[in-house]
Amino acid sequence: MEIDKKDRLAQLERILHSRALHGSESLRSFLQFVVARTIDDHEDQLKEYTIATEVFGRGDSYNPKIDSVVRVQAGRLRSKLQEYYATEGKSDTIIIDLPKGHYKPVFLSTDAANNQSDFAVSHGTATSGAENVSSRFAAPVSKTLERAWLVGLSTAVILLIVTTMMLAFSNLKFRRSAEENTSSSANRAYGSSWEPLLESSSQTLLVLGNPPVYRFTNAMDPPVAMARSIPLTPEQTNNLADELGKTFITKNNPAPKLLLCPDEYTGMGEAIGLHRLTDVLRTAGKNVVVKQSRTVSAEDLKNHNVILLGSIFVNEWSGKLPVREDFLYTGRATIENNNLLPGDDTEYKPKFDPATGRLIEDYALITVKPNISGKDTVIVLAGIHSEGTQAAAEYFTCKDCLEILHERLRQSGSTSEPAKYYQALLRVAVDNGIPTTVNLISVHILK
């Protein structure tokens, strides 16, 4: 069925204003661009280079082999479209899809599916009628035949139980084999960076950072805690009210005080990263142990493969392992480069909106190195800020992103196989506290 231009544009508007794309300005621009070019018969402009420069603001020197922004964002857009049609768009009659490997959207009508449903309903009525006809020919059965029928039924039930038990035992081996095949498939899909974790028989330890933060006091805080609290001046209280608005905490705490909490919280980026990582591990059938950084010991790191979420600012263990690293976090909240390679900068600094002070660009590191014992692996996923940590975790669990990373590792190494230990530097665009585009800008092999 041909879908006219007006209906296509109307469906596009529904998706652009949906909850699925709320807060994702870059994805909305991406979808709007490819749909508009397709409707206007300018499909020749749906090239990776054109999208990168027109939608994501890349310069004329954009190189798709180095910068994966279009491929990464296309994968995110496909996921958002699936989310939309599974929730608020499940009753829509027009489907906009972005097939994998292409940037030209396709438009589908659901009328054909509805016609098939009508056909099934009409045939269901005919079947019901046939059943009514056959029921008129049912004859009474004698007691002898009833007894014979009961004996036969009992025998059949016994045979069915025995057969079911035999099938259960015979299928046990098949299920185990299927689980092993699923695990092997996951290992191949995520490549060499995940091999130490997915091939190991031991648990993976996930360590969350514990940044010291201040919270508002409340009436139930004990006197010893209240004695350590910090009162705010009227000017500071007014500034907080302006920033937070009429929230529950501001309405119920007219004279707020602050209390330092060194061990109760973790960042949003770390929490979202934890979800992404555990999803990969459990899909592969691997057990996971989660701990706070303050409760982790050297013995834990010695006996596990470990993933550390958060930089040394929030996770002390991120900087304690005895491996010389090229990229280091500084006390100025920057990343310093101690081994300049072509195209590298000496220091990488986050950027902020001068009007609001909000973070608009962060940097993050993926660091893979041996643990204390030297036999297992430690992976550190850490941004200068929590948004960067989330981006590092999303990049490390994205199959398309890992393909780009492994290719860069092969190019940087001395063999055709990707290097085992390395640092990958990511530049992260941030919009309203959410990481959007993530670019791999440098890869260093750790000796």
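The structure is a predicted model, in which local features need pLDDT of at least 70, side-chain atom pairs count only at pLDDT 80 or more, and totals for chains, interfaces and linings use all residues. Residues are numbered from 1 along each chain as its sequence is written, and side-chain values use heavy atoms, with hydrogens and water left out.

The chain contains 14 helices and 16 strands. Helices (H or I, at least four residues) and strands (E, at least two) are DSSP runs, numbered from the N terminus. Of the 447 residues in the chain, 40% are buried. Buried means under 20% relative accessible area, exposed means over 50%, and partly exposed lies in between (1.4 Å probe, protein chains only). Among contacts (heavy atoms within 4.5 Å) between residues at least 6 apart in sequence, 63% join residues at least 24 apart.

The whole structure holds 13 salt bridges, a salt bridge being a side-chain nitrogen of Lys or Arg within 4 Å of a carboxyl oxygen of Asp or Glu. One of them joins D40 to K5, with the closest N and O atoms 3.6 Å apart. D40 lies in the loop between α2 (25–39) and α3 (48–54) and K5 in helix α1 (residues 5–16), so this pair ties together parts that are 35 residues apart in sequence. Both ends are partly exposed, D40 at 37% relative accessibility and K5 at 48%. In the salt bridge between D67 and R58, the closest N and O atoms are 2.6 Å apart. Here D67 is buried, at 10%, and R58 is buried too, at 19%. A salt bridge of 3.3 Å, N to O, also links R410 and E407. These two residues lie in helix α14 (residues 399–412), 3 residues apart, or about one turn of the helix. R410 is partly exposed at 33%, as is E407 at 36%.

E387, in helix α13 (residues 386–396), is buried yet has no salt bridge. The nearest side chain of opposite charge is that of R358, 7.2 Å away; Lys and Arg count as positive and Asp and Glu as negative, while His and the chain ends are not counted. Leaving aside neighbours within four places in sequence, E387 is in contact with L359, D362, V430, G433 and P435.

A search of the whole structure finds 6 aromatic pairs. Rings of Phe, Tyr and Trp (its six-membered ring) pair if their centres lie within 6.5 Å; planes under 30 degrees apart count as stacked, over 60 as edge-to-face and the rest as tilted. The ring centres of Y84 and Y85 are 5.0 Å apart and the planes are at 75°, so the pair is edge-to-face. Y84 and Y85 are both buried. F327 and Y348 also pair edge-to-face, at 6.3 Å centre to centre and 65° between the planes. F327 lies in strand β9 (residues 327–329) and Y348 in strand β11 (residues 347–348), so the pair ties together parts that are 21 residues apart in sequence. Both F327 and Y348 are buried, and together with Y363 they form one aromatic cluster.

The search for disulfides (pairs of cysteine sulfur atoms within 2.5 Å) finds 0 in the whole structure. Among the cysteines, C398 is buried at 19% relative accessible area, and C401 is buried at 2%.
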